[in-house]
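Here are my notes on the model, point by point. Please read them with the structure open beside you.

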Amino acid sequence: QGEGDEGCGGNCQPEIEVSPTSIDFGTLSGGSALANFSIANTGIDPLTVTSVQGTSSLGGGTVAIIAGATSTTIPPGGEFFYTAEWTPGEMLPGAGCMDGLGAGSSFITIISDDADESTVLISLDGCCDGSGGGFLCTYGDLIGLLLCIDSNPCADPDDALAHCLFG
């Protein structure tokens, strides 16, 4: 790194700054929720962002980046803005929480060429209570869930369901 800027003593590098570092989508009764975040470069050299991705799982649903370049170069002093959309994936009311797979299991992952922070995580939280006009928040991967329940050795169907949803 370093493109000849004498003012940085030969240590010219990009520096990633992500805001916010955690997002709470709140409690949904159905549908999906949106949240905004930004990636800035407070360094001397351009910052190359190679990936911006949300998590996807039956337990937490899906988080998709619906606005903002998922691979880009941010100039020094520049800031790019993003929108993430969370669609819950649990099938049972009250069970559609992102942390259903364990606290801190849902993230937006940002990978860049920042020398000391090449991977930055935005922690995510949110729940779907299923109260918005029906029993289900969304189906998620219904076939996968049914196959899991069918192949689970638990004698009690509720235990098999809990095992397949929460591990």
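What share of the 167 residues of the protein counts as buried? The figure is 35%. Please keep in mind throughout that this is a predicted model.

1. **Overall make-up.** The protein has ten strands and two helices. The order is simple to follow: from the N terminus on, the elements run β-β-β-β-β-β-β-β-β-β-α-α. The accessible surface of the protein comes to about 8400 Å². Carbon and sulfur atoms hold 52% of that surface.

2. **The open sheet.** Five strands make up an open sheet, ordered S2-S10-S9-S4-S7. Its pairing is mixed. The edges are S2 and strand S7 (72-74), and each has a single partner strand, so one side of each is left without a neighbour in the sheet. From one strand to the next, the twist averages 25°.

3. S2 pairs with S10 in the parallel sense, over five bridges. As background, strands of a sheet pair through backbone hydrogen bonds, either parallel or antiparallel.

4. **Pairings of S3.** S1 and S3 run antiparallel and are joined by four bridges. Here Glu17 stands opposite Ala40 in S3. S3 also pairs with S8, in the antiparallel sense, over eight bridges. Phe37 faces Tyr82 in S8, and Ser38 has Phe81 as its bridge partner in S8.

5. **S8 and S6.** S8 pairs with S6 as well, in the antiparallel sense, over five bridges. Val63 stands opposite Trp86 in S8.

6. **The nonpolar core.** The largest nonpolar core has 23 residues. Those with the most contacts inside it are Phe37, Ile39, Val52, Ile108 and Ile110. The elements that give two or more residues to this core include strand S1 (16-19), strand S4 (47-54), strand S6 (61-67) and strand S9 (107-112). S3 gives the most, with four residues. S3 is also mostly covered, with seven of its nine residues buried. In soluble globular proteins, nonpolar side chains tend to be buried together.

7. **Phe37.** Why does Phe37 count as buried? Its relative accessibility is 3%, and buried means under 20%. Phe37 lies in strand S3. Leaving out residues up to four places away in sequence, Phe37 touches residues that include Ser19, Pro20, Ile23, Val52, Ile65, Phe80, Ala84 and Ile122. Phe37 and Phe81 are 44 residues apart along the chain, yet their C-alpha atoms are separated by 6.1 Å.

8. **Val52.** Which residues does Val52 contact, leaving aside its neighbours within four places in sequence? The set is Phe37, Ile39, Ile65, Ala69, Thr70, Tyr82, Ile108, Thr109 and Ile110. Among these, Phe37, Ile39, Ile108 and Ile110 are also listed with Val52 as residues with the most contacts inside the core.

9. **Thr83.** Is Thr83 buried or exposed? Thr83 counts as buried, because its relative accessibility is 16% and the cut-off is under 20%. Thr83 lies in strand S8. The side chains of Thr83 and Asn36 are joined by a polar contact of 2.8 Å. Not counting residues up to four places away in sequence, Thr83 touches Leu34, Ala35, Asn36, Ala64, Ile65, Ile66 and Ala67.

10. **A cis peptide.** Please look at the bond between Ser19 and Pro20. This peptide bond is cis, with omega about -10°. Most peptide bonds are trans. Pro20 is found in the loop between S1 and S2. Both Ser19 and Pro20 are among the residues that Phe37 touches.

Key
Residues numbered from 1 in each chain as written. Predicted model: local features only at pLDDT ≥ 70, side-chain atom pairs only at ≥ 80, totals over all residues. Heavy atoms only, no water. Core = buried A, V, L, I, M, F, W, Y, C linked by side-chain atoms within 4.5 Å. Buried < 20%, exposed > 50% of the residue type's maximum accessible area, 1.4 Å probe, protein only. Contact = heavy atoms within 4.5 Å. Polar contact = N/O pair within 3.5 Å; in protein donor to acceptor, adjacent residues only side chain to side chain. Pairing = 2+ DSSP bridges. Axes fitted to C-alpha atoms, helices over the stretch in contact; angles between N-to-C directions. Areas by Shrake-Rupley, 256 points an atom, 1.4 Å probe, with all protein chains shown as cover.
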